[in-house]
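The notes below are in the order in which I checked them.

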Amino acid sequence: MISLIKNELTKIFAKKASWIYIIILFLAVIAVGVIQQKVFDLGPSDPNWREDVQAEIIEYQQILKENPDDEWTMDLIQQNQSYLDENIDPNAYSSWHFMNGTVIGMTMLITLFSVIVGSAVVSSEFADGTIKQLLIRPHRRWEILLSKYIATLIYSFSLLVALIIFGYIVGLVLFGAGDFNAKFFETTLEGYKLAVVGDQFLLKVLYYLPSLLIIVSIAFMLSTIFKSQALAVGIGIFVLFLSSTLGGIIVLIAEKFAWAKLLIFPHLDLTVYALEDNILQDVTLPMSLLILAVYYIIFMALTFTFFQKRDISI
Amino acid sequence: MTKKALEVRSLTKKVKNKVIVDDVSFEVEKGEIFGLLGPNGAGKTTIIRMIVSLIGRTKGEVFVNGYNIDEQFKESMSEMGAIVENPEFYKYMSGYKNLKHYANMATREVTEERIKEVVKLVGLENAVHQKVKTYSLGMRQRLGVAQALLHNPSLLILDEPTNGLDPQGIREFRDYLRSLTKQGISVIVSSHLLSEMELMCDRFAIIEKGKLIHVSSINQLANQEQFVPTVQFEVDDVNKAFELLKEHQLTNDWKVEEGQQFSIKVDKETTADVNLLLVNNGIKVYSIHPITTTLEDRFLALTSKGEQGGKK
């Protein structure tokens, strides 16, 4: 089995595209980092930040005097007050803030590249006709498919590791070493949540893994069933980009119909659980994981059964 | 009991109630080159794909070197090396890396030396480190043979192996197969070209419309009774020759052809007797010319649809 996985990895990395994706990832991290530093002027804490925040509070209080019912401004004052209470510079930006914000945002690219590679890994063997030579070896079909699946996951995981390493280095160079345990306020749907930046980053990475696994598995399944990379990549990307939109629509449907909570889309992005405890009113993380697990088992069963029985006649 | 290199029993393939291969059984002896001959679309490739389990069998059993392919899958697959139609490779990798890839998949260890040995055998030493996308069809074919032989299989399965090879290449390929069988390797070759089978195989099966309609050795086919060769004589006096032959009852099957020629159906020995008789009786024999009916003709006689597939 190990030699089969090694073979599949050799093939993935023998393709130029697999390396280009890593380079794109690297360039994207640098580009976004530089833009944030130069254009948005993000950087380390200003020693006089307390005075600035206090000045802002006074400014907002002026506005509030004219409009006593302005809730928006009241919230702003309250927020600024909590910056002072917790002693958090709202404009402080360090390597860990970069990791938690930008690098996590870039995981979208990893999913995208993994979908592309994962859907090629089976379908390209069909397109090139090499599947014939592959399946006349003394290995069961499921072993060969499993080796391909594992190799795809290893590639995805390498991309993630590469992203984290690039991100850390770029963050360090552009924004300086930050405190892993620095507190900050994370913006959520329900307002601001006090959190530790490093913990928050790790939590998001952890919550990202199941959704990466599921989306790559969907692409892998489609490419095995349809033998077509174009179709698999197309649907994979469709799922990837539409899951957030569909997720929003499903929130609305779920208010009326409970079954909508069982659809896969709202559960694809688990990183929301790093911000809030419930989605769709009452769905919690364990429940989302359970739903994903059921989908996962169905997808895998379909993929392997299909491949096992298929007649190879190209 | 000696094990057969390959034993195929009642192999049947149905797709949506359409019978593609119908109850085909045959055996391949050790060190034998066995041909599957038939027009395109007769089911040769389907038979081969069922043997190497690329496609499922509706019915039937396959034994490779005594191993049942259903019960001892890995053992039986290890015994086989195959090229199924055109050999395809990972074009973005070198020939060597492609071979290494397949070597890694073997159950018996394939050493670096073995890979080099096989590369030398197929004459690809100079090109093996280039990417496969730079290879000509002939080179790919040879790389195909190399990947099939890599793990020392006892049975080599070649589906239309000479497709895309030039006559020189086909000749070399044939000689090469011969040398393999001397090492005890058995070979199955499929082709729609009878002339090729004639030169390559020890025995062959004729497949038509999914059925095995005839198995015979090349010699058998050549010696079949209805195919006593026709010999053409050119003499100065055809009528006198006819009288003589009738008198000595050497032939009944007499045919006068244009000019001073006649042809009779006689075997080798009788040809000499006829010549002696004519010469002794003062008839001038200008030429004796055996008209060999080709195997092709006999193949056509056996298969009804031969014209479409049997011709080059």
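These entries cover the contact between the chains, a sheet, a domain assignment and a helix.

**Entry 1: the model.** I note at the outset that this is a predicted model.

**Entry 2: contact between chains A and B.** I looked up how many residues of each chain take part. On chain A, 22 residues are in contact with 23 residues of chain B. I then asked which elements of chain A give two or more residues to the side that touches chain B. They are helix 1 (2-14) and helix 7 (131-135) of chain A. Helix 1 of chain A gives the most, with 7 residues. By residue class, the side of chain A that touches chain B has 6 nonpolar, 8 polar and 8 charged residues.

**Entry 3: domains of chain B.** I took the bounds from the domain assignment, which gives domain 1 (6-223) and domain 2 (230-291) of chain B. Taken over C-alpha atoms, the centres of domain 1 and domain 2 of chain B are separated by 47 Å.

**Entry 4: a sheet in chain B.** I traced an open sheet of 4 strands in chain B, with the order 12-13-11-14 and antiparallel pairing. Strand 12 (254-257) and strand 14 (285-291) of chain B are the edge strands, each pairing on one side only. With direction ignored, neighbouring strands of this sheet are turned by 20° against each other on average.

**Entry 5: strand 11 of chain B.** I followed strand 11 (residues 230-235) of chain B to strand 14 of chain B and found antiparallel pairing over 6 bridges. B:Thr230 has B:Ile291 of strand 14 as its bridge partner, and B:Val235 has B:Val285 of strand 14. With strand 13 (residues 261-265) of chain B, strand 11 pairs in the antiparallel sense over 5 bridges. There, B:Gln232 stands opposite B:Ser263.

Which residues of strand 11 of chain B form the covered face, and which the uncovered one? B:Val231, B:Phe233 and B:Val235 are on the covered face, while B:Thr230, B:Gln232 and B:Glu234 are on the uncovered one. I set beside this the general rule that side chains in a regular strand alternate between the two faces of the sheet.

**Entry 6: helix 11 of chain A.** I checked the span of helix 11 (residues 285-309) of chain A. From first C-alpha to last, its 25 residues reach 36 Å, close to the 36 Å expected at 1.5 Å a residue. In this helix I find A:Ser288, A:Thr303 and A:Phe307 buried. What covers the buried residues of helix 11 includes helix 8 (141-175) and helix 9 (197-226) of chain A.

Terms used
Residues are numbered from 1 along each chain as its sequence is written. Chains are lettered from A and ligands numbered from 1 in the order in which they are written. This is a predicted model: local features need pLDDT of at least 70, side-chain atom pairs count only at pLDDT 80 or more; totals for chains, interfaces and linings use all residues. Two residues are in contact if their C-beta atoms, placed from the backbone, lie within 7 Å. Ala, Val, Leu, Ile, Met, Phe, Trp, Tyr, Cys and Pro count as nonpolar, Asp, Glu, Lys and Arg as charged, and the others, Gly among them, as polar. Two strands pair if DSSP finds at least two bridges between them. Axes are lines fitted to C-alpha atoms, for helices over the stretch in contact, and angles run from 0 to 180 degrees between N-to-C directions. The expected span of a helix is 1.5 Å times one less than its number of residues. A residue is buried if 20 or more other C-beta atoms lie within 10 Å of its own, exposed if 12 or fewer, and partly exposed in between; C-beta atoms are placed from the backbone. Domain bounds come from an automatic or database domain assignment.
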